[in-house]
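Subject: Structure for you to look at

Hello,

Here is the structure I promised to pass on. Please open it first, then read my notes below.

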Amino acid sequence: MDVFNELPPKKRAYMNLLFQNCSEEVKYYMTLTEVEADTTLIKAGERCNNIYIILSGKVTGIDWPINERAYSFKDFGPGDFFGEIECFADLLYYRISVVTVTKCRVLTIPAAFYMEWIQNDAEALYSRTKVNMRRLITQTTDARRYLFLEAKERLVLYLVRKYEQKAANSKIIDMNLNQTRTQLAEEIGFSTKTLSRNIKILEEKGFIQVNKGKILITEEEYQRMKRYIDQHIYGEI
């Protein structure tokens with residue numbers, strides 16, 4: 001299907017194989033739209049009327065804990081589905097919000113037609129079940145691991161995500177600590193005092209630079225933090 005041509009080769013091959021026997025209703029009612037950055041694509045609590053597939057760009061998943069403070073838990077990109085897991089579980093409403101980080105091209109399929117096709121296509125159902133199970137297991141494992149991380153590691157993970165979100169067109173990003181110190185501490189889950197102490201630790205390790213109240217991250221420092229995450233958090237060499 002031409003609509004998948006902009007995906008990376010492996011994901012394009014997967015999509016073409018997945019949709020090779022999709023119903024005529026799915027083909028007829030699917031729509032392709034461009035969504036600007038910082039747009040809410042899905043809002044938690046709204047009815048699950050559509051399945052969304054990201055064809056280009058980046059989005060972030062946002063959870064709403066009991067204290068009603070938004071928690072951005074993971075970034076997603078081309079080839080990722082949203083709204084599908086809720087439909088598989090017979091849930092009527094979306095459980096997370098999805099907000100675009102960059103400008104995105106999004107394929108939208110009415111959930112009713114999508115699920116009717118999937119239920120009658122054994123190969124497609126098996127394929128999507130494997131992908132969704134892998135995604136849920138990975139996210140659950142990451143969430144458990146995050147609970148036991150020290151403040152330094154949580155801060156590194158946060159800064160790596162921020163760099164990846166903001167540095168698409170630049171080799172250096174900056175965040176004004178005077179404006180975001182409290183918010184940053186709340187998002188990561190510790191006090192501003194702990195935050196300040198760990199910012200100093202990361203600066204001493206050569207992971208970041210601090211200049212006039214701003215964190216500066218170069219591409220080299222970003223790569224250094226990525227290697228640290230792989231070795232000390234995920235156990236990869």
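**What I found**

Asp63 is partly exposed, with a relative accessible area of 33%. This residue lies in strand S4. Along the sequence, Asp63 and Lys74 are eleven residues apart. In space, their C-alpha atoms are 9.7 Å apart. Keep in mind that this is a predicted model.

**The overall picture**

The protein has 237 residues, and 41% of them count as buried. It contains nine helices and eleven strands. The accessible surface comes to about 13700 Å². Carbon and sulfur atoms account for 51% of that surface. Now take the contacts between residues at least 6 apart in sequence. Of these, 73% join residues at least 24 apart.

**Around Gly57**

Is Gly57 buried, exposed or partly exposed? Its relative accessible area is 24%, so Gly57 counts as partly exposed. The cut-off for buried is under 20%.

Gly57 has a partner from another part of the chain. Gly57 and Cys104 are 47 residues apart in sequence. Yet their C-alpha atoms are 4.4 Å apart in space. Cys104 is also among the residues that Gly57 touches, once those up to four places away in sequence are set aside.

**The cysteines**

How many disulfides does a search of the whole structure find? It finds zero. Cys48 is therefore in no disulfide: the nearest cysteine sulfur, that of Cys87, is 5.2 Å away, and a disulfide needs the two sulfur atoms within 2.5 Å. Cys48 counts as buried, at 10% relative accessibility. Cys22 counts as buried too, at 5%.

**Helices H4 and H5**

Helix H4 covers residues 111–119, and helix H5 covers residues 122–147. Their axes come within 6 Å. They cross at roughly 110°, which makes H4 roughly perpendicular to H5. On the H4 side, the contact is made by Tyr114, Trp117 and Ile118. On the H5 side, Ala124, Leu125 and Arg128 take part.

**Helices H6 and H9**

How do H6 and H9 lie to each other? The axes of helix H6 (residues 151–166) and helix H9 (residues 219–232) cross at roughly 135°. The two helices are therefore oblique to each other. Their axes come within 10 Å, and the crossing is left-handed.

H6 brings these residues to the contact: Lys152, Glu153, Val156, Leu157, Leu159, Val160, Tyr163 and Glu164. H9 brings Glu219, Tyr222, Met225, Lys226, Tyr228 and Ile229.

**Asn198 in helix H8**

One more residue to look up is Asn198, in helix H8 (residues 192–204). Is Asn198 buried or exposed? At 6% relative accessibility, Asn198 counts as buried. Leave aside its neighbours within four places in sequence, and Asn198 is in contact with Ala151, Lys152 and Leu155. Lys152 belongs to helix H6 and is among the residues of H6 that make the contact with H9.

Best wishes

Note on methods
Residues numbered from 1 in each chain as written. Predicted model: local features only at pLDDT ≥ 70, side-chain atom pairs only at ≥ 80, totals over all residues. Heavy atoms only, no water. Buried < 20%, exposed > 50% of the residue type's maximum accessible area, 1.4 Å probe, protein only. Helix = DSSP H or I, 4+ residues; strand = E, 2+ residues; numbered from the N terminus. Contact = heavy atoms within 4.5 Å. Areas by Shrake-Rupley, 256 points an atom, 1.4 Å probe, with all protein chains shown as cover. Axes fitted to C-alpha atoms, helices over the stretch in contact; angles between N-to-C directions. Parallel < 35°, antiparallel > 145°, perpendicular 65-115°, else oblique. Left-handed = near helix turned anticlockwise from the far one by under 90°.
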